[in-house]
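Biologist: I'm new to this one, and I'd like to learn how to read it. Could you walk me through it?

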Amino acid sequence: AQSVTQLGSHVSVSEGALVLLRCNYSSSVPPYLFWYVQYPNQGLQLLLKYTSAATLVKGINGFEAEFKKSETSFHLTKPSAHMSDAAEYFCAVSRGGTSYGKLTFGQGTILTVHP
Amino acid sequence: DAGVTQSPTHLIKTRGQQVTLRCSPKSGHDTVSWYQQALGQGPQFIFQYYEEEERQRGNFPDRFSGHQFPNYSSELNVNALLLGDSALYLCASSRGGYTEAFFGQGTRLTVV
C-alpha cells in the first residue's frame with residue numbers, strides 16, 4: 001500500500017521568502033511522485049513530477065522538488081514566494097505501469113503569502 | 001484545446017436520491033479516473049476507466065458506479081445518496097493511464 005504524509009496543514013510565508021512544503025511517502029515499489037496545486041473552487045494543476053529520472057525536478061512557476069530515497073521525502077520548494085502562490089498544495093504518489101494514473105494524495109497544505 | 005470538462009458544476013440532491021456526473025476527457029486522452037474530495041481533505045481515488053471497462057477501483061462501496069463511452073467520455077453514478085457523499089468530485093484524464101493526469105474543475109455535490 002502507498003501513503004503520503006504532508007507535514008503542516010497550513011504554512012504561512014512573507015512575499016519574497018522561501019517556500020518549503022514537506023511531503024513524505026510510503027511505497028513498497030519505486031514510486032512516481034507528484035505535486036499538484038489547487039486554487040479555490042478549481043481542479044488540480046500539475047506542478048511537477050518525479051518519474052525516476054533526475055532526483056531534482058523543476059516544475060512550473062519556479063517550483064522544484066528533490067526526491068530523497070533515504071528520507072522517503074519529496075519536499076516542494078520555491079526560492080521566493082509570490083502573492084499568486086497562495087493556494088492549496090497536494091503531494092501524490094502512484095505506482096508504475098497501468099497503476100500510474102491511480103494517485104494517492106496527501107491531506108494538503110494551505111499556503112498563505114503575506115505582503 | 002479544451003481540457004477536461006465536467007458537468008454540472010454544482011448539484012444539490014436529497015438523501016436517498018441518485019446522481020449522475022459527467023466528464024469529457026482532454027483531447028487525445030482515453031483513460032478517465034474519478035476522485036472524491038471531501039472538504040479539507042485530499043482527493044481519494046474512486047475508479048478508473050479504460051477501453052470502456054473499469055480497470056482499477058479504490059475503496060468505495062458499490063453505490064458508486066461508472067461508465068465509459070466509445071468517445072472516452074465518462075459518467076459517475078452514485079445511488080442511495082448519503083450526507084457523507086457531499087464532496088467535490090474530480091475527473092482526471094490521461095493517455096492509457098501511463099501519462100500524467102489532467103484534472104477538470106470538478107462537480108460540487110451537496111446532499112441535504
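**Where the chains meet**

Modeller: Let's start with the contact: 22 residues of chain B touch 19 residues of chain A, with contact meaning heavy atoms within 4.5 Å. This is a predicted model, where local features need pLDDT of at least 70, side-chain atom pairs count only at pLDDT 80 or more, and totals for chains, interfaces and linings use all residues. Residues are numbered from 1 along each chain as its sequence is written, chains are lettered from A and ligands numbered from 1 in the order in which they are written, and side-chain values use heavy atoms, leaving out hydrogens and water.

Biologist: How much area do chain B and chain A bury between them?

Modeller: In general, the size of an interface is often given as the accessible area lost when the parts come together. Here chain B and chain A bury about 1,700 Å², 49% of it on carbon and sulfur atoms; that is the area lost with a 1.4 Å probe, summed over both parts. On chain B's side, Gln56(B), Glu100(B) and Phe103(B) supply 27% of the area buried against chain A, more than any other three residues.

Biologist: How many helices and strands does chain A have?

Modeller: Helices (H or I, at least four residues) and strands (E, at least two) are DSSP runs. Chain A has zero helices and 11 strands. Its radius of gyration, over C-alpha atoms, is 14 Å, close to the 13 Å from the globule rule for 115 residues, so chain A is as compact as a globular protein of that length. That rule is 2.2 Å times the number of residues to the power 0.38.

Biologist: What share of chain A is buried?

Modeller: Buried means under 20% relative accessible area (1.4 Å probe, protein chains only). Such residues make up 43% of the 115 in chain A.

Terms used:
Buried means under 20% relative accessible area, exposed over 50%, partly exposed in between (1.4 Å probe, protein chains only). Buried area is the accessible area (1.4 Å probe) that two parts lose on being put together, summed over both.
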